Amino acid sequence: MGFLVTTLIFIVVGIIASLCARICCNRGPSANLLHLTLIITATVCCWMMWAIVYLAQMKPLIVPILNETE
Amino acid sequence: MNSNSEKLRQTYNELLEFKMVLQKAGDFLVSSGNHAVAQETELSENVYSNDSYADSASLLEEEMQPGPSNQSGVRFISGIICKSKVLRFERTLFRATRGNMLFNQAPADDQIIDPASNEMVEKTVFVVFFSGEQARTKILKICESFGANCYPVPEDLTKRSQIIREVLSRSSDLEATLEAGLRHRDTALNTIGFYLSKWTNMVRREKAVYDVLNMLNFDVTKKCLVGEGWCPIFAKTRIQESLQRATFDCSSQVGIIFHVMDAVESPPTYFRTNHFTNAYQEIVDAYGVAKYQEANPAVYTIITFPFLFAVMFGDWGHGICLLLGALVLIVREKKLSSQKLDSFMEMLFGGRYLLLLMSLFSIYCGLIYNEFFSVPFHIFGHSAYKCRDATCSDAYSVGLVKYRDAYPFGVDPSWRGSRSELPFLNSLKMKMSILFGVVQMNLGIILSYFNARYFGNSLDIKYQFVPQMIFLNSLFGYLSLLIIIKWCTGSQADLYHVMIYMFLSPFEDLRDNKLFWGQSVLQVILLLSAVIAVPWMLFPKPFILKRLHTERFQGRTYGILGTSDMYNEEEPDSARHPHLDEFNFSEVFVHQMIHAIEFVLGAVSNTASYLRLWALSLAHSELSTVFYEKVLLLAWGYDNIVIRLIGLAVFAFATAFILLMMESLSAFLHALRLHWVEFQNKFYNGDGYKFKPFSFALLTDDDD
């Protein structure tokens, strides 16, 4: 799956999570804002981690060279 | 009751000692009479003492006259002394009397409670034979100094037995009395024990109330107390209601007056936390409590702290172990919160939600690094690499070849165990650390913008936030951009070379290191912006502050005669500067210079500091590999079941103690440092103080 598709999947998962949080724990405006902040931060962190590792492997400069013992 | 029982016990002890002395000393003295008389004494005597001192006794017989009354001749002192002191006692007596004494001793049968130390000690009965009045006084003094108790033993056998009987009856009486006394004390203590906790609680509450009352002041009429305090705005109506209720309940004539006043000093900081957010707020507060109404970094810390921990810890097998631990703590939350835990468990329990998030993110990062106790799995499809041909002949020299798209989620499993694994992973993780670092530092600077906007400090926005953003992003933001472009295009450019020569020779041609069109021009522009940004954050602010200050106090050079009323209309902070020379320009300038230099140098050092994400992640992965390959696989290679079990046990212990505990603590600490220093020094003041309301519920915690 390509880079863009998976990025869209991350965005969709983030939106669904924030909607769930809004539905399940609707506890006043400041608490809602906190939950939204947490979910956005978590989504961005996780997406960045995945994106970095994916981009690094898209056009690698070196390839795996197996070990003799294997 | 206690003092009485003390006296009784002492008397009882003395009686016991007297009885022992009588028994043993009788042995020594009985040889002065004839053997027939000896048979009359109690047969339970230790016969050995007669035999061992038979020689000395016979000497005695020769010396002593057959009658018991030899006042002017050899006399004796009998007593009892601690066994440990007997040797020194004997030697001291020997030296004091110049050898003119005879010392007999025998160990006592039972142990006696020493009244001073309240434990059972062994005692020895002794008899000292001597002659002369001077020797007597000397010996008595020595006995006293050694703490030996002397008891008079009559020489006459009948008298002795009479006294023995008396002593026995008295001691049995005393025993009965003592036992009754003990029983009485036990019942008294039991009845008190029911009420003890209630009484202690009540006393503690009264004490706390008096502590608070001490902080209040009498007003002019000395008839009522006045106090000042802080309360949250949302609680104002509730406080007024409770005050009315209190007035009503204690039916006092005068109502309690609750009056809101303006404060000169800064209010305390109060963040309302629940079980979940409490741990994060505490770790932020450990660095410094936020200034009143400043942005709270704990909001972002809730996610970024476990995330950075996970970047350094990434292994989904270990993550699952941590998750199990966290779930155990959370499920038994109610039970554990009511117990009294020791300090280590208390810390673990307090951080249970921290542990939960850390473990969840560790599982995620472990899936990305593709490490399950350092073993990779093909969970997300096939690897992107395969042998060049069917024989795989050059897999060991040239390597595999990439024949399809990149592995969809995480690090390709073909890398594990290959010779080029470390160069690839090192490059990946170092660049990842730089990217995360630049993003987190930018977040910090943006938070400082929001702080400045909230406090209406446009000076900070224009002359601090903007140049800081420009400086950081034109250097390290550009580096991040280069990293991403290099990954996307697969170029062979050397980024070290690009960055260094951007400074050294910016107008030189890039040749092989050209990543995109217009790179040289962009580099020159960025370099110029960074160079301009430094004096931009250094110079304007102090001069503008000085100008503002002189404008504000322009008309006030003619001295302000001490009426404080004039300053009540102004804002609180300027009321504190009645004199012109309060604004110390050189101080402000030096402060700004330090701030600017700290930022500029810190930009390089903080970015490099984020490389610890790479370092710890590498260490964790290597440790994990070593334990797996050199312990578990090695042990599993043998057919013997015992060796396999031993290998498994060693692997389990090593994983639990070194990887789970030590590495967790290490990653925790480094993630915390990254937050406290690299993230928070971009925006956090942290010089507030915490709001500590009076609470009965917290009393028990404080006292413990």
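This report describes the fold, the chain interface, the nonpolar cores and the salt bridges of a predicted model.

Residues are numbered from 1 along each chain as its sequence is written, and chains are lettered from A in the order in which they are written. Local features need pLDDT of at least 70, side-chain atom pairs count only at pLDDT 80 or more, totals for chains, interfaces and linings use all residues, and side-chain values use heavy atoms, with hydrogens and water left out.

**Chain B**

Chain B contains 23 helices and 10 strands (DSSP runs numbered from the N terminus: helices are H or I of at least four residues, strands E of at least two). Of its 704 residues, 39% count as buried (under 20% relative accessible area; exposed is over 50% and partly exposed in between, with a 1.4 Å probe and protein chains only). Among contacts in chain B (heavy atoms within 4.5 Å) between residues at least 6 apart in sequence, 75% join residues at least 24 apart.

An unreviewed UniProt entry annotates residues 307-331, 352-369, 432-450, 470-487, 516-539 and 641-662 of chain B as "transmembrane region"; such annotations may be inferred rather than shown by experiment, and positions follow the numbering used here, with feature names shortened. In the model, residues 432-450 of chain B are 100% helix, with end C-alpha atoms 27 Å apart. Residues 641-662 of chain B are also 100% helix, and their end C-alpha atoms are 30 Å apart.

**Interface and cores**

The contact between the chains takes 50 residues from chain B and 30 residues from chain A. About 3800 Å² is buried between them, 73% of it from carbon and sulfur atoms (buried area is the accessible area, 1.4 Å probe, that two parts lose on being put together, summed over both). Ile303(B), Tyr396(B) and Trp487(B) supply 15% of the area that chain B buries against chain A, more than any other three residues. Between the chains there are 0 salt bridges (a side-chain nitrogen of Lys or Arg within 4 Å of a carboxyl oxygen of Asp or Glu).

The largest nonpolar core has 104 residues, and Met49(A) and Phe436(B) are among those with the most contacts inside it (a core is a set of buried Ala, Val, Leu, Ile, Met, Phe, Trp, Tyr and Cys residues joined through side-chain atoms within 4.5 Å). Not counting residues up to four places away in sequence, Phe436(B) touches Met48(A), Met49(A), Ile52(A), Phe307(B), Val311(B) and Leu613(B). Another core, of 21 residues, lies apart from it and includes Tyr12(B) and Phe18(B).

**Salt bridges**

The structure holds 10 salt bridges over all chains. Some of them are listed here.

| Pair | N to O distance |
|---|---|
| Asp285(B) and Lys690(B) | 3.4 Å |
| Glu333(B) and Arg352(B) | 2.5 Å |
| Arg547(B) and Glu551(B) | 3.8 Å |

Asp285(B) lies in helix α9 and Lys690(B) in the loop between α22 and α23, so the pair ties together parts that are 405 residues apart in sequence. Asp285(B) is buried at 13% relative accessibility, whereas Lys690(B) is partly exposed at 40%.

Glu333(B), in helix α12, and Arg352(B), in helix α14, are 19 residues apart in sequence, and both are buried. The side chain of Glu333(B) also makes a polar contact of 3.1 Å with that of Tyr353(B) (a pair of N or O atoms within 3.5 Å; within protein, one must be able to donate a hydrogen and the other to accept it, and residues adjacent in sequence count only if both atoms are side-chain atoms).

Arg547(B) and Glu551(B) both lie in helix α19, 4 residues apart. Salt bridges that share partners also join Glu371(B), Arg416(B) and Glu421(B) into one network.
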